[in-house]
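Biologist: I would like to learn to read salt bridges and strand faces from a model. Can we work through an example?

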Amino acid sequence: MNWIEKDGKLTRLYVFATFQDAMSFVSQVAQVAEEMDHHPGWRNVYNKVWVDLTTHDAGQVTDLDFRLAEAMDGIAAKLLS
């Protein structure tokens, strides 16, 4: 994974070929996040999506964050291939 743990969060930047790919990623991740009841902080500019994960109830990074990060990486891998 290309995630960095910093300031109590897992952080990653995804760079896609197009804005449409970035939005597809956000949409697909939103479905998984809803199912997990664990929602990322993120920001998008054109083909870039910055993501922060933390478990607010725990006040730190937990296994839930790592599981969502893994799911996000899987979704991104399909869009980037």
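Modeller: Gladly. Keep in mind that this model is predicted.

Biologist: How many salt bridges are there?

Modeller: The count is two. Arg12 and Asp73 form one of them, at 2.5 Å from N to O. That pair links distant parts of the chain, 61 residues apart. Arg12 sits in strand S2 (residues 9–15), Asp73 in helix H2 (residues 63–80).

Biologist: Is Arg12 buried or exposed?

Modeller: The cut-off for buried is under 20% relative accessible area. Arg12 has 14%, so it counts as buried. Asp73 is buried too, at 16%.

Biologist: Which residue forms a salt bridge with Asp63?

Modeller: Arg67 does, with the closest N and O atoms 3.3 Å apart. Both residues lie in helix H2, four residues apart, about one turn of the helix. Asp63 is exposed, with 52% relative accessibility. Arg67 is partly exposed, at 44%.

Biologist: Now the strands. Which residues of strand S4 make up its covered face?

Modeller: In a regular strand, side chains alternate between the two faces of the sheet. In S4 (residues 48–53), Val49, Val51 and Leu53 form the covered face. Lys48, Trp50 and Asp52 form the uncovered one.

Biologist: How many bridges join S2 to S4?

Modeller: Six, and the two strands run antiparallel. Leu10 has Leu53 of S4 as its bridge partner. Strand S3 (residues 41–45) also runs antiparallel to S4, joined by five bridges. There, Arg43 stands opposite Trp50.

Biologist: Which residue takes a positive phi in the hairpin of S3 and S4?

Modeller: Tyr46, near 50°. The hairpin has two residues between the strands.

Methods. Residues are numbered from 1 along each chain as its sequence is written. This is a predicted model: local features need pLDDT of at least 70, side-chain atom pairs count only at pLDDT 80 or more; totals for chains, interfaces and linings use all residues. Side-chain values use heavy atoms; hydrogens and water are left out. A salt bridge is a side-chain nitrogen of Lys or Arg within 4 Å of a carboxyl oxygen of Asp or Glu. Buried means under 20% relative accessible area, exposed over 50%, partly exposed in between (1.4 Å probe, protein chains only). Two strands pair if DSSP finds at least two bridges between them.
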